[in-house]
Amino acid sequence: MEVIEKKNKNKRYKPILDKIPDWPVYQLSKNRKEFIEEVAEHAFKRIKEMRPTRKQLVDELEATVYREQQRMKRNRWRVDPPDESKFWAKVKEDLIELTARPLDDNATERKEDEILKRIVQRYAGEIAGNFKPSSYRFAREIIQFWFARLLNATRVKKFGAIFRNQYTLRDKIQIVGKVKQLRNLAKNGTIVMVPTHSSNLDSILIGWVIHALGLPAFIYGAGLNLFNIKIIAYFMNSLGAYKVDRRKKNLPYLETLKMYSGLAIEKGAHSLFFPGGTRSRSGTIEKMLKLGLLSTATEAQRNIYLKTPEGETPRKIFVVPVTLNYHFVLEAPELIDDYLSIKGQDRYLPEDDKYGSVQLIQFLFKFFTKGSNISVSIGRGLDIMGNYVDEDGNSLDAQGRIIDTRDYFISNGQITIDKQREDEYTRMLSQRIVAEYHKIHRTFASHLVAFVAFEMWQKQHPKLDLFGLLRLPEEELTLDYQEFRKTCKRVRKQIYNLKKEGKANHATHLKGKIDLVIRHGLENVGNFHLKRPLLMDKKGNIVTKDLNTLYFYHNRLAGYDLEKFI
Amino acid sequence: MTSKSLSDLPPVGVIGSGNFGTTVANLLARHRNVFLYVRDEKTIEHILQKREIRGHKLNKHITPINDLAELARQCDIIFPIVPSAHFREMMRKLSPYLHPYHVLIHGSKGLDITLPKGQTLETVTKLNRTQVKTMSEVIREESVVVRVGCLAGPNLSKELSARQPAATVVASPFNEVISIGKRLLRSDRFQVYGNNELIGVELAGVLKNIIAIAAGALNGMGYGENARGLLISRGVVEIIHLGRALGGKTKAFLGVAGIGDLVATCNSPLSRNFQVGYKLAQGMKPAEVFASMDEVAEGVNTVRIMKKCADFYKVRAPITSTLYKVLFEDVTVKEALDYLMRYPLNIDIDFID
């Protein structure tokens, strides 16, 4: 039985810019070569500032080569270019030649500058996306068409249903929140969208959402590992993704990457990145964000203020938090295992994925054949300081007074560049984004039941720590339904309270008779996993087949201080 | 620096004309023109005629003013130095005139409490960080100013006015704010240290008042230096435990604003906190002690607040909770001391790895 959802208000949105050539991302890719040059040039300058003496720079380059060669030895991927070992061997050779003689800081010839330039140019080329209008349109049609076919075939069980158009993706994926504001802001400024991240599917999902809202394509920071999966690689390339290689942690790479993102934002390209850095392994809503890419938004805004001539209105950057709310995360069992082993013994974890194209299609099929809705919550727009903005993009303080964002960069009457100040601003922004995530994340019935069940078991075994609890045999764990029901009700009440205080949100299906809500939750919580994390046995008690995975789904509600209501 | 070049530089604002406020204004006036906010007209008249306030001579570069809007318009850098009990109210009045380019460095050593409706500090049983705020947090909550800092350290106004050597800490997450503080305050007799742990430094300044009461009590009992040495070292440990529970970092409590301020306060018999402890030890009842003073010592409230925070965060705080009993539950200083000397847990240091 399906619990009735509130009538889906999702409607079609007209594109805010008609023609693809008007899109900022298209402008970027049309001038791809020039842009890569620009990124490389700026990154080169920045790194030179950070490593001012010859010795410092050469040390940095040596470290970079070493790390790159280690990476190639240990962790090669299908997407890695075939010529890379040759490239790095040559760099190493040149460095050895250079360091054979003592470094003179007064020398006019600076071979290391040329080497650095070579490296950042290569990196800029690797990172840059390649947006093509033709393949964008094609990918978009494919997603629309096949998703619709799948949906109709599975929902309307009649012969020929595959050709019907009764259901569309919009029925499956709900988009809620500040859609109108987002569309307005995208017309008047540059959007930096920052969604939560739990599944590899997120990238495709959010790409579809952006299109469905009538927004021009965004540039993405997508993990390079995704490009190992051919299907996804195709979609990503066509959706304007640029590549983030998390194996490369060397300074030239990180600076080039940040420069790419920053310059693109400065040029007005709407951007998207997952500020958690990687999929949430524990299943919690992101609490700590990676500040690197986020800082590029702050820096871009400052540059815009610096460079805009007097009399012109500087273009504003708007940060829009988004949460993706799932009943089910394909990779949950592996993610939580990763998480537990990291937490257990602080082990090195290679970035790899067990899912290829086949598994992905299988998942998509399951996703459409079983009733498991996804909702996407669009948060209220923020300026780069985390202040709310109104419909016109004005920043507001807590009392609703308008703030001039430019003032944050002013010292002694003038805009100044202060790296430390901006790092601190970025940290403040990240805290604001985390608070917004918690506020807009929609609690599903499945999150509620998972949370309550796990916490009740924890409470039954107060002397066991997390690992002790997880080691208990699943057969020993049962919960009396009446007890479970009462606790669910109590926790749900608290979620209502939090919503009233503006600290949480929930799906409409969480309301209504608690028995139905529990049933909805049990039916949906991780419903495609081989071993169900939570279900009801024949006697009507609540049991689990996979406590680890239950812990994963439970974690979605960690961070709301609900534990004391168990 | 000559007065001519002084007038070329933008002026600096000070809010609060108490002991510390006027002292800071005098320190600042050596480098810049200063606007000193004074609430009532009469005091302004008095200052303009006599160039002094409550025995503090005022530097000629200080201009008294009673218009917050004008102060905020003239000064990008403002030092609010008002008692913690009035701090939020003052910020609410100032807030409409503030912009994100303003820099605020406060010098108030106390906590701000927001209680649920119908509750008072006496009736509420537990307090946590959603109700207890430091002054920098009040500034952030009430205004758009983000570049916030604080002054802390052993800064007894009398000694500073006499130009005895001393130092202060300017704490702020922003290096920019620290260097502003250094530039504006430093002199040949006044050293300024920077610290990025704003919350920890603020808490250090607040929590030391508890230990100051205890120091007064030991003195009142007639005990000497061994006892004081014991108290100060155990006091540091307790401050660190409490401070960490409230979100401060250990580092902040070990510097000038932590140990420096603690030692100075525990050795200054004239401070109000010390006096409270001293009189209690002499056998006066708490009610009599409070009645004998024109203003309640900050430390008394701090004990009340921190005891309730310690309960909430389950922190061991033997000195604080024993003082709480003396101040509010009719235990005598002697009984309290006996209890502390028999306290079972005696690990020397457990906050450094």
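In which sense, parallel or antiparallel, do β13(A) and strand β16 of chain A pair, and over how many bridges? Before I answer, please keep in mind that what we are looking at is a predicted model.

The pairing of β13(A) with β16, which covers residues 542–543 of chain A, is antiparallel and runs over two bridges. Within that pairing, L479(A) stands opposite I542(A) of β16(A). If we step back to the sheet as a whole, it is an open one of three strands in chain A, in the order β13-β16-β15, and its pairing is antiparallel. The edge strands, each of which pairs on one side only, are β13, at 478–479, and β15, at 535–536, of chain A.

Let me turn now to where the two chains meet. Chain A gives twelve residues to the contact, and chain B gives ten residues. On the chain B side that touches chain A, six residues are nonpolar, two are polar and two are charged.

Chain B itself is assigned two domains, domain 1 spanning 3–196 and domain 2 spanning 200–341. Taken over C-alpha atoms, the centres of these domains of chain B are separated by 25 Å, and 25 residues of domain 1 are in contact with 24 residues of domain 2. On the domain 1 side of that contact in chain B, the elements giving two or more residues are α6 (135–142), β10 (147–152), β11 (166–171) and β12 (190–195). The largest share of that side comes from β11(B), with three residues. By class, this side of domain 1 of chain B divides into 15 nonpolar, seven polar and three charged residues.

Methods: Residues are numbered from 1 along each chain as its sequence is written. Chains are lettered from A and ligands numbered from 1 in the order in which they are written. This is a predicted model: local features need pLDDT of at least 70, side-chain atom pairs count only at pLDDT 80 or more; totals for chains, interfaces and linings use all residues. Two strands pair if DSSP finds at least two bridges between them. Helices (H or I, at least four residues) and strands (E, at least two) are DSSP runs, numbered from the N terminus. Two residues are in contact if their C-beta atoms, placed from the backbone, lie within 7 Å. Ala, Val, Leu, Ile, Met, Phe, Trp, Tyr, Cys and Pro count as nonpolar, Asp, Glu, Lys and Arg as charged, and the others, Gly among them, as polar. Domain bounds come from an automatic or database domain assignment.
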